[in-house]
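Here are some points on this model for your review. They go from the chain contact to the overall dimensions and then to one helix pair.

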Amino acid sequence: MAGEAQRETSDPIIRVRDITVQFGATRVLDGLNLDVKRGEILGFVGPSGAGKSVLTRTIIGLVPKVAGSIEVFGVDLDSSNTAQRRNVERRWGVLFQQGALFSSLTVRQNIQFPMREYLRVSQRLMDEITMAKLTMVGLKPEVAERFPSELSGGMIKRVALARALSLDPDLVFLDEPTSGLDPIGAGDFDDLVRTLQRTLGLTVFMVTHDLDSLYTACDRIAVLGNGKIIAAGSIADMQASQHPWLRQYFHGKRARAVMT
Amino acid sequence: MNSDPKLERIAKGNALALCATGTWTASFAPVLERMVADAEKLAGTPQSIFIDVSEVAKLDTFGAWLIERLRRSLTKGPVEAQIAGLSANYSSLVDEVRRVRATAVVDGGTVTITGMLEQIGRAVAGVGGTVAGLVDMLGAVLAAGFRVLIHPRSFRLTSTVHHMEQVCWRAVPIIVLITFLIGCIIAQQGIFHFRRFGADIFVVDMLGVLVLREIGVLLVAIMVAGRSGSAYTAELGSMKMREEIDALRTMGFDPIEVLVLPRMMALVLALPILAFLGAMAALYGGGLVAWLYGGVEPEAFLLRLRDAISIDHFIVGIVKAPVMAAVIGIVACVEGLAVQGSAESLGQHTTASVVKGIFFVIVMDGVFAIFFASIGM
């Protein structure tokens, strides 16, 4: 068992190789390589329209790729059969940019939806776990019976995170989790992601524009540009980089404000 | 790596000690729940209670919560249960779960007789609300119409033309096809039954009167309610959901003037045109069947038709069209603006729009029939 644990920590949880994605004649991702290590929070940045969301959606399988291979939990998603794929999907959770909560279900039903589908659990346990998840993401139990249309933007993000976490996944994808939140709310959310990552042993793949998140929440940062990863490493590596976009991003007016 | 979870009691003098082993995760939840329920009965009056979790191989929120549940139910007596042997990896998870307040979840509505009666009462009262909503919208549309008459420059011509294309021009093929087929069927059935009395030729009278007075306009109105009424409701409803209507309002535009009036105008102009085309297609279809199936030559058909119908029949039919269009448009816009935040609500209101639209079209048709009968047209 010790050997297995050893192997698991050294193996990347997501291994993306030579991914090419094309929409019509525009090539969005061009031979991109990326590894995400087990247990880390990877911040994924890049200019608007560079294809950050496209890469996330390609890994999850929502956007078809022209070439390349994607391995998640050591399973090649192209050559896997349905059962293997299901198994992988059960072990990841996705937080979409707009939350993507099911608007006709209450918060409780939203969080219980994946459990109902994948687990054979009594209603009592599901209700209790729902309350536990709501507490974890910092919401009051009263929220459970509300509909998504009755929630504020920040609450929607939190409920969506609770739904993404409902099956205790090993990996979560967060697509701009702090966009549209006030700075205090965004800071809380970063802390929340950090805490949950520690408590549940999560691996987090986070697309973000938020410099604060990069400084406070992320272990490692990958930068997308021209359809490739132009840099990957710690925040110190990013600041030391000579790449013009990176220099502007990490030494601009807003970045200086964050650092001081 | 995954081993079956176990919960065993170990003798430890006066203390109650439970030892948890194996994988405590969601996939074993049913087994875990049963074991925990069994263990909860072990209470007794021990001096101290321990739950030893040092042998647990894997723990997730489900497992952690069940251990916490067990701890809480064993604590009922004077002695507090302790969790022992917690590894550093899992201690924060267990701490997190400990913060959870177990709240009784409200059970989603049991069906009672009073509840059912209440629902019926609300539905009946809702009918009054529906009518009030329609009248309200009619008033708002008329008011917007007068404002536009006074300031003709504020009329949205482009939008009206766009909706004309959607509800009129693009509807022509399907409307013509269906009314043509209905004309064929009426003629065929007429000939089939009239032939027994040797009254084949009277099929022309029946076809002419029926198509021009009733079927042409009614059928077209029902199809427009299904085709364009639903589209109006869905368009306005999704604009409402995305706060686009609120945005218009804050910019100083009246949603009725910008969104509803052009749609109403388009529909009121479109339905008479479509009803006319539909009536012609039905007459053509009927004539074709009368010729091919009943042996009525086209010349004889036209001659007979000229005798059988007068301009009154045509007017009776076509006068109804704009009124029905207004009813369909108002119902569709009221429903569209009543959509709430969820996708389900959008679906419900779109359905309601079509159902109510068709219902009111038929009611209007009945009212017109009584009116025309009493003035002798």
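**Notes on chain B**

1. The contact between the chains takes 25 residues from chain B and 25 residues from chain A. Bear in mind that the model is predicted.

2. Which elements of chain B give two or more residues to the side that touches chain A? They are α1 (29-40), α2 (61-74), α3 (88-98) and α12 of chain B. The most comes from α3(B), with 4 residues. By class, this side of chain B has 13 nonpolar, 6 polar and 6 charged residues.

3. Chain B has 12 helices and 4 strands. Its radius of gyration is 36 Å, whereas a compact globule of 377 residues would come near 21 Å. Along the principal axes, the C-alpha atoms of chain B fill a box of roughly 115 × 60 × 45 Å.

4. Of the 377 residues in chain B, 35% are buried. Take the contacts in chain B with a separation of 6 or more: 83% of them join residues 24 or more positions apart.

5. Now a helix pair. In chain B, helix α7 (residues 202-241) packs with helix α12 (residues 343-375) at an angle of about 145°. Their axes are 8 Å apart. The crossing of α7(B) past α12(B) is right-handed.

6. What does each helix bring to this packing? From α7(B) come residues including B:A225, B:G226, B:G229, B:S230 and B:T233. The α12(B) residues they meet include B:S353, B:V354, B:G357 and B:I358. The residues of this α7(B) and α12(B) contact divide into 10 nonpolar, 10 polar and 1 charged.

Conventions: Residues are numbered from 1 along each chain as its sequence is written. Chains are lettered from A and ligands numbered from 1 in the order in which they are written. This is a predicted model: local features need pLDDT of at least 70, side-chain atom pairs count only at pLDDT 80 or more; totals for chains, interfaces and linings use all residues. Axes are lines fitted to C-alpha atoms, for helices over the stretch in contact, and angles run from 0 to 180 degrees between N-to-C directions. A crossing is left-handed if the near helix is turned anticlockwise from the far one by less than a right angle, and right-handed if clockwise. Two residues are in contact if their C-beta atoms, placed from the backbone, lie within 7 Å. Ala, Val, Leu, Ile, Met, Phe, Trp, Tyr, Cys and Pro count as nonpolar, Asp, Glu, Lys and Arg as charged, and the others, Gly among them, as polar. The radius of gyration is taken over C-alpha atoms; the globule rule is 2.2 Å times the number of residues to the power 0.38. A residue is buried if 20 or more other C-beta atoms lie within 10 Å of its own, exposed if 12 or fewer, and partly exposed in between; C-beta atoms are placed from the backbone.
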